[in-house]
Amino acid sequence: MFAAVDAPHGADLALLVGCASDFSPTIEETSPSTVVISIDGLTHLFGSPREIADAIVRRAADAGLAVNVAVADNPDLAVHGARGFPGVTVMEPGREAGLPVALLDPSDGTAFTLALWGIRTFGEFAALPEDGVAERLGEEGVRLQRLARGAGSRPLAPSNPAPPFAESMELEHPLTLLEPLAFLLGRLLNDLCARLESRGLAAHELKLCLSLEGAAPHERALRLPYPMRAAGTFLKLLSLDLEMHPPGAPVTAVAISAEAVNPRVVQHGLFIPLAPEPQKLELTLARIAKLVGEGNAGSPELMDTHRPRSFRVVRFGGAENRGQGRLSAILPALRLFRPALRAKVEAPDGRPGRVAADGVHGRVLESAGPWRTSGDWWIKDAWARDEWDVALSDGALYLLYRDRYDGEWFLEGAYD
Amino acid sequence: MKSSALLRADLESALGGRFSAELNWRARPARECVSTGIASLDALTGGLPRGAITEIHGPASSGRTSLMSAMLAAAAAREEICALADAGDTFDPASAQALGVDLSRLLWVRCGGNPEHALKAADMLVQAGGFGLVALDLGDVSPSVARRIPLATWYRLRRAIEDTGTVMLLVEREQTVKSCASLVLEMRRESVVWRGVAGCSRMLRSARFRAASEGTSVPIGLAG
């Protein structure tokens with residue numbers, strides 16, 4: 001069931017929407033003076049459809065509005081009833097027959113034709129043969145006739161935008177410790193998550209703004225890997241973030257806002273491989289980032305360059321299948337020295353004969369090279385090197401290179 | 001010497017009033033094992049036990065990292081998520097990918113030479129659950145430092161992982177975990193394969209390693 005609320009003498013739309021929102025969160029703003037709401041489920045609160053309509057009229061009167069309310073099975077019929085009948089109307093079958101066809105809002109051509117035919121009411125228009133109407137008035141005629149019969153059916157088109165999901169609090173006394181701040185954050189996040197839940201939404205990003213005493217606001221943004229609405233998880237993530245990036249002055253006000261999106265729907269299965277639970281994983285990543293530093297925990301990604309050992313660490317997102325590893329080498333894995341160890345190399349005939357570096361000393365038993373590589377010569381950060389694979393007398397295999405720009409030797413890593 | 005049944009009966013009669021349950025051993029189901037990614041090693045060990053610690057130890061260039069990469073690649077092939085707590089920050093993503101590791105399924109924690117951070121990170125990863133394989137790389141930590149890690153730490157890790165489906169892998173120079181490891185693999189290098197003429201076009205072709213467990217060893221081939 002739908003209820004249309006029409007202000008015949010015009011009204012402030014915001015006021016009208018305000019009245020309607022007391023009865024339903026889903027409001028269609030049909031015109032500047034008409035709104036439609038769904039009244040399904042309100043019978044337990046207000047009683048019969050007529051009593052619901054009466055309650056709406058009373059609420060509007062309290063707000064200083066004179067409105068007509070009609071209740072019908074579909075939104076269009078309710079709108080026509082509210083515009084055509086004064087006061088409260090429950091649109092029973094056939095009740096619409098007396099309404100003037102002008103309420104259907106026909107185009108000028110159709111209105112002229114209907115006037116020529118002597119059709120003035122919904123009932124007269126509804127009684128016309130459907131084929132004849134389609135032949136003479138086309139698609140518009142068929143649509144209008146269906147409305148005139150009260151048979152129109154469409155879903156409500158709510159036009160009210162979702163309210164901004166934000167909470168804020170001014171503090172009487174500046175806060176200097178994170179623990180009481182976490183207590184306040186918990187309260188704000190609980191409210192925020194309750195509002196998200198009431199709308200069936202989840203947060204994809206959280207923004208925290210702390211107003212500071214005598215300093216610029218401290219702003220932090222928490223981008224979540226997938227939409228969530230768990231206040232406890234948000235609180236832990238924000239607390240860990242604030243421990244890593246503490247505000248530089250006492251906090252005088254707190255504001256949190258969330259970017260609301262539809263929640264993630266995942267189909268679970270019995271045979272899906274083992275994977276960390278996303279919320280736990282996010283918390284674990286935040287804790288590890290706090291331990292080893294941001295940027296030191298993530299998924300390695302190789303760079304599209306010929307520069308040796310170029311990679312970056314990106315946010316770990318489970319399994320995105322960026323690039324399936326494929327067995328393409330039978331060389332042993334490298335263990336890199338970061339940074340590369342500066343080495344003293346005796347190379348009497350141009351080939352390394354003895355190597356000494358921090359923690360590595362030995363005579364070269366076997367060697368292969370040099371393998372010359374260079375690149376990025378067009379930028380400041382150019383590289384050019386001669387690489388050698390050497391087996392030292394200490395029993396290990398190393399990757400050794402000589403920088404061709406300064407002639408220095410470096411041990412880059414050990415094959416293992 | 002008393003049999004265990006008699007000993008238990010004695011203990012139960014002495015302490016029966018203080019315990020509500022009988023002193024029964026907790027039946028431990030047989031552990032599920034998964035492939036190491038290397039057929040000869042699977043044949044030797046039966047695979048990597050889930051919910052247990054596997055220790056790989058050996059000197060530098062003994063093939064520990066290559067074996068770890070093969071295990072990470074095998075886990076990725078099973079579509080599992082893996083994690084590596086890298087104490088010495090020595091992991092090379094390029095060579096790992098060349099050995100078949102799917103980097104997008106790998107969470108790499110770079111601990112910048114701090115073994116304590118690596119241990120804590122590994123503990124957090126195990127506690128988070130859901131990882132198919134968690135590797136703790138202490139391969140460049142000196143044995144004297146590794147020996148100073150309290151045995152209680154390993155017991156705690158073993159207990160944390162016990163009821164999970166995670167394979168815990170530990171890479172180090174010398175065996176330090178003692179009885180906490182369910183599988184111990186000792187690595188050594190057998191030979192290095194060079195190709196070409198020395199002094200002219202020579203290149204490192206490959207290396208052959210050997211893994212030993214409980215006195216039996218098998219060759220480890222990288223050539224897939």
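Predicted model: local features only at pLDDT ≥ 70, side-chain atom pairs only at ≥ 80, totals over all residues.
View 1. B:Ala85 has 29 C-beta neighbours inside 10 Å, so B:Ala85 counts as buried. The cut-off for that class is 20 or more. The residue sits in strand 4 of chain B, which covers residues 82-86. Leaving aside residues up to four places away in sequence, B:Ala85 touches B:Val109, B:Cys111, B:Ala118, B:Ala121, B:Ala122, B:Leu125, B:Leu136 and B:Asp137. B:Thr153 gives a further reference point. It lies 68 residues from B:Ala85 in sequence. In space, the C-alpha atoms of B:Ala85 and B:Thr153 are 15 Å apart.

**View 2. The side of chain B that touches chain A.** Here 61 residues of chain B meet 54 residues of chain A. Several elements of chain B each supply at least two residues to this side. The helices are helix 3 (64-77), helix 4 (93-98) and helix 5 (115-128). The strands are strand 5 (106-110), strand 8 (181-195) and strand 9 (203-213). By class, the chain B side has 29 nonpolar, 20 polar and 12 charged residues.

**View 3. Packing of helix 8 against helix 9 in chain A.** Two packed helices are described by the angle between their axes and the distance between the axes. Helix 8 spans residues 178-198 and helix 9 spans residues 231-244. The angle is about 145°, and the axes are 9 Å apart. The crossing is right-handed. Helix 8 makes the contact through A:Leu178, A:Ala182, A:Leu185, A:Gly186, A:Leu189, A:Asn190 and A:Cys193. Helix 9 contributes A:Ala231, A:Phe234, A:Leu235, A:Leu238, A:Ser239, A:Leu242 and A:Glu243. Together, the contact residues divide into 10 nonpolar, three polar and one charged.

**View 4. Domains of chain A.** The domain assignment gives three stretches: domain 1 (2-148), domain 2 (165-261) and domain 3 (334-415). The centres of domain 2 and domain 3, taken over C-alpha atoms, are separated by 51 Å.

**View 5. The fold and extent of chain A.** Chain A has 10 helices and 17 strands. Its radius of gyration is 36 Å, well over the 22 Å that the globule rule gives for 416 residues, so chain A is more spread out than a compact globule. Along the principal axes, the C-alpha trace spans about 115 × 65 × 50 Å. Buried residues make up 32% of the 416 residues. Among contacts between residues at least 6 apart in sequence, 58% join residues at least 24 apart.

Key
Residues numbered from 1 in each chain as written. Chains lettered and ligands numbered in written order. Axes fitted to C-alpha atoms, helices over the stretch in contact; angles between N-to-C directions. Helix = DSSP H or I, 4+ residues; strand = E, 2+ residues; numbered from the N terminus. Left-handed = near helix turned anticlockwise from the far one by under 90°. Contact = placed C-beta atoms within 7 Å. Nonpolar A, V, L, I, M, F, W, Y, C, P; charged D, E, K, R; others polar. Domains from an automatic or database assignment. Rg over C-alpha atoms; globule rule 2.2 N^0.38 Å. Buried ≥ 20, exposed ≤ 12 C-beta atoms within 10 Å, placed from the backbone.
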